[in-house]
Amino acid sequence: MSLQVPLRGKAQAKSTKAVILVGGPSRGTRFRPLSLDVPKPLFDVAGHPIIEHCFRAIAKIPEIKEVFIIGYYDETVFRDFIKDSSKSFPHIRLSYLREYTALGTAGGLYHFRDAILKGKPDRFFVLNADVCCSFPLDQMLKLFEEKNAEAVILGTRVSNEAASNFGCIVTDAHTKRVLHYVEKPESHISNLINCGVYLFSTEALFPSIRTAIKRRTERPRLYSYPSSDNLESSFYEAAADDDGEEQNEVIRLEQDILADLADSRQFFVLETKDFWRQIKTAGSAVPANALYLMKAFQSQSEELATPSANIIPPVFIHPTATVDPTAKLGPNVSIGPRAVIGPGVRVKESIVLEDAEIKHDACVLYSIVGWNSRIGAWARVEGTPTPVNSHQTSIVKNGVKVQSVTILGKECGVGDEVRVQNCVCLPYKELKRDVANEVIM
């Protein structure tokens, strides 16, 4: 009796690409005041730009040789990042594809379909740059092949109260098949949510987007209905391209495509039990920083500072930063390039950006200290801790909604012995008196 072993060698290796979606400048308002000086995808979290965490995860998949960044930032924005990444990962071709206007998460993919489809890849990953997670792309590939899937989405469980703020996924618990998908439902349907990381078969996704565009163009134009405020300017008049299909319209994966895939395709979910966080507001960079640092600590990354009596891990200190040995740092602290931390300083659960200076005996908790900012001696800059599993970065103080994380923008000054609590401070401000629960403009 002979055993038939299916051949799964190089002959059957599938071609895979990846796309990182970065959006553009007009939408980054929730990341202010930090995005006034650095585009959100390039903001440093745990010592590396947000987008680099995505790219490093992609680079671990050996079969991926080409990666696209799609967005509508100026071409110059990612030039240095692409140059540095190409040196670090010479086997991967990384390029930026600029949308002429905001086309939506699916519209951008469709607009650049020729570049993505060049070389006839069988499938491609799509990652939203503004999510923080362990990016288990290898597990998604494995599920994709096991199920002979056409699409795999990364999902995670959140509290029932938080779920309605995200895309919700209803699945068959046994097969992991996606039965139903609703973006930000009005009533509770599931606490399994969309993490913004996908793996699509090229043969499934682009026809689905084309169908959504046709459906959009065939239905009556919406202009001035009372509810049109909620459409986020989804509808534009525009000329079609040569094949009459591509309209200048915002087509989004979440609202326009995923529900159809759930109805008609081999669409599955990989549920991650690992960490996940959206980086939407400036304050959400602090919990994201903590999650990435904890991951680096678990994997015994050599980038992290060596634990000691005054270094409570995990702590990232840039090699060019100066930290007095009597300063106590951690846990979950990142110190940027050329930052200066004086004697007796205490920093906890915070990001200190490049060229910032914290004078002796000052205390910084649950805060972001902006580029070139100065914190005086014995000053106290602090936010309010929020639960680890919370996806909120705002709290209510005295009936007013304020950031739980205190954020000092670029070149802010805090005087000696001044206390700043739960504030967002725009760039170039001098704080000479105590201030709490305010936006300082």
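Angles under 35 degrees count as roughly parallel, over 145 as roughly antiparallel, 65 to 115 as roughly perpendicular, and the rest as oblique.

This is a predicted model: local features need pLDDT of at least 70, side-chain atom pairs count only at pLDDT 80 or more, and totals for chains, interfaces and linings use all residues. Residues are numbered from 1 along each chain as its sequence is written, and side-chain values use heavy atoms, leaving out hydrogens and water.

**Exercise 1.** Classify the crossing of helix α3 and helix α8.

*Solution.*
- Find the helices: α3 covers residues 104-111, and α8 covers residues 253-264. Helices are DSSP runs (H or I, at least four residues), and strands are E runs of at least two, numbered from the N terminus.
- Take the axes (lines fitted to C-alpha atoms over the stretch in contact, with angles from 0 to 180 degrees between N-to-C directions). They come within 7 Å and cross at roughly 75°.
- The two helices are therefore roughly perpendicular to each other.

**Exercise 2.** Name the residues that make this contact.

*Solution.*
- Contact means heavy atoms within 4.5 Å.
- From α3 come T105, A106 and L109; from α8 come L253, E254 and I257.

**Exercise 3.** How many residues of α3 are buried?

*Solution.*
- Buried means under 20% relative accessible area, exposed over 50%, and partly exposed in between (1.4 Å probe, protein chains only).
- Of the 8 residues in α3, 6 are buried, leaving the helix mostly covered.
- They are T105, A106, G107, G108, L109 and Y110.
- These buried residues pack against β1 (16-23), β4 (64-71), α4 (113-117), β6 (123-128), α7 (202-218) and α8.
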